[in-house]
Amino acid sequence: MKNILIVDDNPQDLSLLQTLLNKHGYMTTVAANGAEALEKARRERPDMIISDILMPVMDGFTLCREWKRD
């Protein structure tokens, strides 16, 4: 089963996407910002990351650069 990391600072969007993906058989992990997502991704490597761009602490662009660097 694919594990998808969802990153968004909007709780409603995060919940909606998580519910939709779970109903289609995906395992999901959620994070509220890029820094939290990077920590979670380093502990348990996701198969895919779906990320918002504009977020506090670490934005989506920085998250992608850091994840690629890892």
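Guide: Let us begin with valine 57, which lies in the loop between strand S3 (48-51) and H3; helices (H or I, at least four residues) and strands (E, at least two) are DSSP runs, numbered from the N terminus. This is a predicted model, in which local features need pLDDT of at least 70 and side-chain atom pairs count only at pLDDT 80 or more, while totals for chains, interfaces and linings use all residues. Residues are numbered from 1 along each chain as its sequence is written, and side-chain values use heavy atoms, with hydrogens and water left out.

Visitor: Is valine 57 buried or exposed, and what is its phi?

Guide: Buried means under 20% relative accessible area, exposed over 50%, and partly exposed in between (1.4 Å probe, protein chains only). Valine 57 has 69% relative accessibility and so counts as exposed. Most residues other than glycine have a negative phi. Valine 57, however, has a positive value although it is not glycine, with phi near 70 degrees.

Visitor: Which residues does alanine 35 touch, not counting residues up to four places away in sequence?

Guide: Alanine 35 lies in helix H2 and is partly exposed, with a relative accessible area of 23%. Contact here means heavy atoms within 4.5 Å. With residues up to four places away in sequence left out, alanine 35 touches Val57 and Met58.

Visitor: Which residue caps the N-terminal end of H2?

Guide: The cap involves the backbone nitrogen of alanine 35, which has a side-chain oxygen 3.0 Å from it. Such a polar contact is a pair of N or O atoms within 3.5 Å (within protein, one must be able to donate a hydrogen and the other to accept it, and residues adjacent in sequence count only if both atoms are side-chain atoms). The residue that supplies this oxygen, and caps the helix, is asparagine 33.

Visitor: Where on helix H2 do its buried residues fall?

Guide: Helix H2 spans residues 34-43, and its buried residues are Gly34, Ala37, Leu38 and Ala41. Seen down the axis of H2, these fall within an arc of 100 degrees, the arc being that of the directions from the helix axis to the C-beta atoms. What covers them includes strand S1 (3-7), strand S2 (27-31) and helix H3 (60-69). The buried residues of H2 therefore line one face of the helix.

Visitor: How far from aspartate 8 is the nearest side chain of opposite charge?

Guide: Aspartate 8 lies in the loop between S1 and helix H1 (11-23), and its side chain reaches the backbone nitrogen of asparagine 10 at 2.8 Å. Aspartate 8 is buried yet has no salt bridge, a salt bridge being a side-chain nitrogen of Lys or Arg within 4 Å of a carboxyl oxygen of Asp or Glu. For charge, Lys and Arg count as positive and Asp and Glu as negative, while His and the chain ends are not counted. The nearest side chain of opposite charge to aspartate 8 is that of lysine 40, at 14 Å.

Visitor: With which residue does lysine 40 meet in a salt bridge?

Guide: Lysine 40 counts as partly exposed, at 24% relative accessibility. The N to O distance is 3.3 Å, and the partner is glutamate 36.

Visitor: How many salt bridges does a search of the whole structure find?

Guide: Besides the pair of lysine 40 and glutamate 36, the side chains of aspartate 70 and arginine 42 meet in a salt bridge (2.6 Å, N to O). That pair links distant parts of the chain, with aspartate 70 in the segment after H3 and arginine 42 in helix H2, 28 residues apart. Arginine 69 also forms a salt bridge with glutamate 66, their closest N and O atoms being 3.4 Å apart. Over the whole structure, the number of salt bridges found is three.
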